[in-house]
Amino acid sequence: MKRNRQPPVAAITGGASGIGLEFARRWIAGGGSAVLLDLSQPTLDIAIAELDYKARGVVVDVTDNASVLAGYRSIGEIEGRLDAVVNSAGIARPGPSSNVSDEDFTLMLDIHITGTMRSCRAAYPLLRDSGGGTIVNLASVAAISGMPGRASYTTAKAGIAGLTRTLAVEWAPEGIRVNAVGPGYVRTAMTDSLVAEGKLDDAPIKARTPLGRFAEPAEIAEAIYFLSTPSSSYVSGHLLMVDGGMTVDGNWFQ
Ligand SMILES: NC(=O)c1ccc[n+]([C@@H]2O[C@H](COP(=O)([O-])OP(=O)(O)OC[C@H]3O[C@@H](n4cnc5c(N)ncnc54)[C@H](O)[C@@H]3O)[C@@H](O)[C@H]2O)c1
């Protein structure tokens, strides 16, 4: 973190829940201040209470550019600087590719890829004017694997990995590092609701994960924190898999 009197400021899309909220907790514990950007005021209020009122929340829909711009404008006006961005807004909507609607497919790309781009683009002048900074985008094991019934999600996450690499090169001269994390399966509201809807069975996932379990959100937050602090000062354009070994598993023998 930068050595100045004001704590470093992080903006987190999807910050009211799951991985984003857990990163906010980690960032605050490390001495930073956090601004959560998420869809609704009631969920932001609950998240901010969970953070002992040490964060600020702004209602932002990453599919709406005006709301993204307004969220970052408020950071310029209130916090006056920006040091780290985490793009964690996302949804999962599995279904067969043979009859996916244009609307569903495009919505997924809009939230994940264009939403991430909108957030990065709006954050850029604040990061640059604060002397550089970091962006961490949420990819997934879905960025580098074929997953039946998840065409829009895998396409979106692969797109996020590509966007991450390009921004890392393009914004390096401004001292902005851009990385992504690729979680395996994590216990959050997203996976809990898929299990409840019968769209995800955790037994085969555990069986095919070398570490044999889902991740806790804090384990993903710690990797994002590493990529958001000077501990990773020479890492940029990287997709860090945090997946319990899932995507390197070559054990076809038992
Ligand atoms: N949970 C997992 O197993 C897992 C695995 C790999 C990647 N991811 C990715 O991590 C990110 C966070 O997921 P999570 O598990 O913490 O989910 P979550 O549902 O707990 O949190 C996601 C948050 O994003 C917000 N959000 C959704 N659409 C939004 C929009 N249009 N604008 C602003 N905010 C919006 C939601 O309100 C919610 O607070 C997502 O990008 C997800 O795809 C999750």
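**Fold, core and ligand shell of a predicted model**

Me: Which radius of gyration does the protein chain have, and why does it agree with a compact globule?
Reply: The structure is a predicted model. For 254 residues, a compact globule would have a radius of gyration near 18 Å, and the value for the protein chain agrees with this because it is 18 Å.

Me: How many helices and strands are there in the protein chain?
Reply: The C-alpha atoms of the protein chain fill a box of roughly 55 × 35 × 35 Å along the principal axes. Within the chain, the secondary structure comprises 8 helices and 7 strands.

Me: Which element gives the largest share of the largest nonpolar core?
Reply: The largest nonpolar core has 66 residues, of which A11, L36, A123, V181 and I224 touch the most other members. The largest share of this core amounts to 8 residues, and the element that supplies them is α4.

Me: Which residues is I224 in contact with, leaving aside its neighbours within four places in sequence?
Reply: I224 is among the core residues that touch the most other members. Once the neighbours within four places are set aside, its contacts are F23, V86, V136 and V181.

Me: Which elements give two or more residues to the shell around the ligand?
Reply: Around the ligand there are 28 residues, and G14, S17, G18, G90 and T188 come nearest. The elements that give two or more residues to this shell are α1 (18–29), α4 (102–129) and α6 (189–196).

Me: How many residues of the shell around the ligand are charged?
Reply: The shell contains 14 nonpolar and 12 polar residues. The charged residues in the shell number 2.

Methods. Residues numbered from 1 in each chain as written. Predicted model: local features only at pLDDT ≥ 70, side-chain atom pairs only at ≥ 80, totals over all residues. Near = placed C-beta within 6 Å. Helix = DSSP H or I, 4+ residues; strand = E, 2+ residues; numbered from the N terminus. Nonpolar A, V, L, I, M, F, W, Y, C, P; charged D, E, K, R; others polar. Rg over C-alpha atoms; globule rule 2.2 N^0.38 Å. Core = buried A, V, L, I, M, F, W, Y, C linked by C-beta atoms within 7 Å. Buried ≥ 20, exposed ≤ 12 C-beta atoms within 10 Å, placed from the backbone. Contact = placed C-beta atoms within 7 Å.
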